[in-house]
Amino acid sequence: MRSDASRLGLYLLLAPILLWLTVLIILPHIGLFLVSISEKIGPREYETGFDNYAAFFTEPLYWRTFGRTAIMSILATVLTLLIGFPIAYYIAKLTKGRTKTTLFLMCMIPFWVSELVRTFGWMILLRETGVFSNLLQSLGLVSGPVEMLYNDAAIMVGLVYTSILFMVVPLVTTLDSLDDSLIEAGYDLGGTSTSILREIVIPHAMPGIVSGCIVVFMLSLGNYLTPILLGGKDSLWFTGMIYTQFITRFNWELGSAFGFLLLALSSLVVFAGLKLSGQSLSNTMGRS
């Protein structure tokens with residue numbers, strides 16, 4: 001009797017998340033996949049086929065944009081890790097009390113406003129008449145206005161800035177659990193900063209590194225505002241191409257196929273990352 005009551009309680013606890021997953025994730029994806037394999041042969045006439053997926057591979061612009069988006073997203077993830085790891089280590093291991101809380105809060109402050117506002121802020125800084133251009137001119141480093149927008153560097157800056165918090169938070173959480181005595185023992189045994197980082201800190205922080213990289217990569221891969229606004233209309237970002245198919249051309253069939261190809265890419269990269277790092281998804285998410 002007690003086991004039945006416990007089982008019922010478990011089902012009731014799981015019901016909201018299962019309902020959320022089914023209604024908002026599983027069913028929409030099933031519907032999107034059915035649309036992606038629909039081929040329009042006439043007004044309101046469709047037949048099942050994979051021509052939409054074939055169109056992706058036969059059009060160089062599509063798969064080149066797809067590859068460019070993947071490479072840029074991976075690069076953004078690497079840069080975010082290189083910038084976020086020292087920040088997280090400093091917050092977790094080199095500060096205490098109120099200082100740690102203040103620094104962590106400072107990392108979160110930019111995310112109190114929407115991504116759109118933050119991106120427009122970067123546009124004000126980087127545009128031809130913006131803050132950086134005027135500063136360079138006032139210092140005499142350039143003779144005229146400098147346009148820093150609408151290029152890959154501007155996109156990369158925006159992607160890293162947009163996702164840095166999602167790298168810092170899991171790293172701080174994981175590094176905070178690292179016992180300081182292990183680091184001290186490493187120094188007592190003659191270890192250098194580099195060897196301690198390689199042999200103690202990074203292995204312990206690996207779940208946080210992997211989980212942060214997964215989140216940052218997915219955010220970068222699926223980002224729409226930052227590449228379009230900072231890179232301009234010629235930024236060639238795959239999410240922009242999906243938006244064009246759905247909203248501009250009303251080609252929902254091809255747009256749905258593009259969406260599933262993007263989902264397949266993100267799943268493949270995450271799977272490869274887990275295999276290369278020797279981590280499992282449950283272990284990574286559990287410890288970070």
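## An exposed residue in a loop

At 63% relative accessibility, Phe250 counts as exposed (exposed means over 50% relative accessible area, buried under 20% and partly exposed in between, with a 1.4 Å probe and protein chains only). Phe250 sits in the loop that joins α11 (238-248) and α12 (252-277); helices (H or I, at least four residues) and strands (E, at least two) are DSSP runs, numbered from the N terminus. The phi of Phe250 is near 55 degrees, which is a positive value in a residue other than glycine.

## Basis of the model

This is a predicted model, in which local features need pLDDT of at least 70 and side-chain atom pairs count only at pLDDT 80 or more, while totals for chains, interfaces and linings use all residues. Residues are numbered from 1 along each chain as its sequence is written, and side-chain values use heavy atoms, with hydrogens and water left out.

## The chain as a whole

The chain contains 13 helices and two strands. Its C-alpha trace spans about 80 × 75 × 35 Å along the principal axes. Of its 288 residues, 36% count as buried. Among contacts (heavy atoms within 4.5 Å) between residues at least 6 apart in sequence, 67% join residues at least 24 apart.

The accessible surface of the chain comes to about 16,900 Å², and carbon and sulfur atoms account for 69% of it; such areas come from the Shrake-Rupley method with a 1.4 Å probe, and for residues only the protein chains shown count as cover. There are 17 positive and 18 negative side chains, and the centres of the two sets lie 6 Å apart. Lys and Arg count as positive and Asp and Glu as negative, with His and the chain ends not counted; the place of a charge is taken as NZ of Lys, CZ of Arg, CG of Asp or CD of Glu.

## Annotated transmembrane regions

An unreviewed UniProt entry carries the annotation "transmembrane region" for residues 12-37, 70-91, 103-125, 153-172, 208-230 and 250-274. UniProt positions follow the numbering used here, feature names are shortened, and annotations may be inferred rather than shown by experiment.

In the model, residues 208-230 are 87% helix and 0% strand, with end C-alpha atoms 29 Å apart. Residues 250-274 are 92% helix and 0% strand, and their end C-alpha atoms lie 37 Å apart.

## The hairpin

Strands β1 (residues 38-42) and β2 (residues 45-48) pair in the antiparallel sense over four bridges; two strands pair if DSSP finds at least two bridges between them. Ser38 has Thr48 in β2 as its bridge partner. The two strands form a hairpin with two residues between them, and Arg44 in the turn has a positive phi of about 60 degrees.

## Further residues in loops and helices

Most residues other than glycine have a negative phi. Tyr150, although not a glycine, has a positive phi of about 60 degrees. Tyr150 belongs to the loop between α6 (131-138) and α7 (152-176) and is partly exposed, with a relative accessible area of 47%. Leu94 lies in the loop between α3 (60-93) and α4 (97-108) and counts as exposed at 54% relative accessibility. From C-alpha to C-alpha, Leu94 and Gly231 are 37 Å apart in space, with 137 residues separating them in sequence.

Ser133, in helix α6, counts as buried at 0% relative accessibility. Leaving aside neighbours within four places in sequence, Ser133 is in contact with Arg127, Glu128, Pro145, Val146 and Met148.
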